Amino acid sequence: MKPSITVIIPAYNEAGNIENTTLSILRGLNNLGFENFEILIFDDASTDGTGKIADNLARDNNHIKIIHNKPNKGFGYNYQKGVELALYDYVVMFPGDNVITELSVQELLSKTGEADIIISYVANTKLRTLPRRAISRAFTILVNFLFGLKVTYYNGSPIIKTRLVRATTRTTSGFAYMTEILVQLIKSGHNYIEIPTYIQPRVYGKSTALKPKNFYLVGKTLLSLFWRIHFKI
């Protein structure tokens with residue numbers, strides 16, 4: 001029997017993507033034989049009709065629940081809140097932009113239960129802009145150096161045991177929220193496997209990953225995490 005899982009979908013102005021994202025995940029869960037699952041869609045104060053589309057999806061499927069944020073909260077908050085609300089054994093977050101291919105979604109979900117943590121990384125990074133690839137690579141090298149790790153990617157869609165995420169110290173809802181969680185769990189000895197995923201071009205809207213505010217919050221989080229990991233008493 002498949003493990004139970006909670007899927008979190010954050011969506012800010014994803015009216016052109018949220019339905020395809022949700023249906024892609026549903027098909028994956030159903031094809032793999034998951035029986036106990038839920039999908040939590042966070043309408044993150046969207047202004048383009050995302051919330052209405054999400055409400056319609058929930059009306060047609062009792063596995064789907066909608067949370068409407070006011071005001072906009074961001075990825076990190078949505079993940080943390082989703083973990084707090086999660087009813088099931090594992091938790092994963094897929095962005096509402098429908099960028100991860102349906103095949104990759106299904107392949108990642110198929111690994112649920114094979115380790116405490118299933119880490120996903122983008123295999124076809126050339127679809128992303130050069131600045132984003134360079135920043136992402138530099139970030140990964142920095143984190144691995146600071147904490148003595150060999151993780152391929154920290155900002156994917158890892159599947160993690162819900163109880164383990166809840167046991168971590170989470171101080172940020174900024175861009176490094178998942179890094180903070182993964183570093184703590186891996187340094188504590190929890191096992192993990194890494195799975196390649198493939199992305200496709202975004203067909204609606206644009207990414208906000210490189211906002212200047214994110215860089216400040218990342219630096220602050222890494223300094224705090226470094227102190228806690230290396231100098232805790």
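In α1, you'll find I18, T21, T22, S24, I25, L26, G28 and L29 buried (buried is under 20% relative accessible area, exposed over 50%, partly exposed in between, with a 1.4 Å probe and protein chains only). A word on the source: this is a predicted model, where local features need pLDDT of at least 70 and side-chain atom pairs count only at pLDDT 80 or more, while totals for chains, interfaces and linings use all residues. Residues are numbered from 1 along each chain as its sequence is written, and side-chain values use heavy atoms, with hydrogens and water left out.

**Exercise 1.** Work out what covers the buried residues of α1, and how far the helix reaches.

*Solution.* Start with the limits: α1 covers residues 18-31 (helices are DSSP runs of H or I with at least four residues, strands are runs of E with at least two, numbered from the N terminus). Next, take the span: its 14 residues reach 20 Å from first C-alpha to last, close to the 20 Å expected (1.5 Å times one less than the number of residues). Then look around it: the cover includes β1 (5-11), β2 (37-43), α2 (50-60), β3 (64-68) and α4 (102-109). Finally, step just past the helix, where G33 has a positive phi of about 85 degrees.

**Exercise 2.** Find the strands that pair with β5, and the sense of each pairing.

*Solution.* First, β5 (residues 117-122) is largely enclosed by the rest of the structure, because five of its six residues are buried. Now go to β6 (residues 159-161): this pairing is antiparallel, over two bridges (strands pair if DSSP finds at least two bridges between them). Here I117 has I160 as its bridge partner. Then turn to β7 (residues 192-197), which pairs with β5 in the parallel sense over six bridges. In β7, E194 stands opposite I119.

**Exercise 3.** Pick out the members of the largest nonpolar core that touch the most other members, then follow V183.

*Solution.* This core has 31 residues, and Y79, F147, Y154, I160 and V183 touch the most other members (a nonpolar core is a set of buried Ala, Val, Leu, Ile, Met, Phe, Trp, Tyr and Cys residues joined through side-chain atoms within 4.5 Å). As for elements, α7 gives the most, with seven residues. Now V183: setting aside neighbours within four places in sequence, it contacts V143, F147, L149, Y154, L225 and I229 (contact means heavy atoms within 4.5 Å). A second, separate core has 26 residues, A11, A58, V105 and I159 among them.
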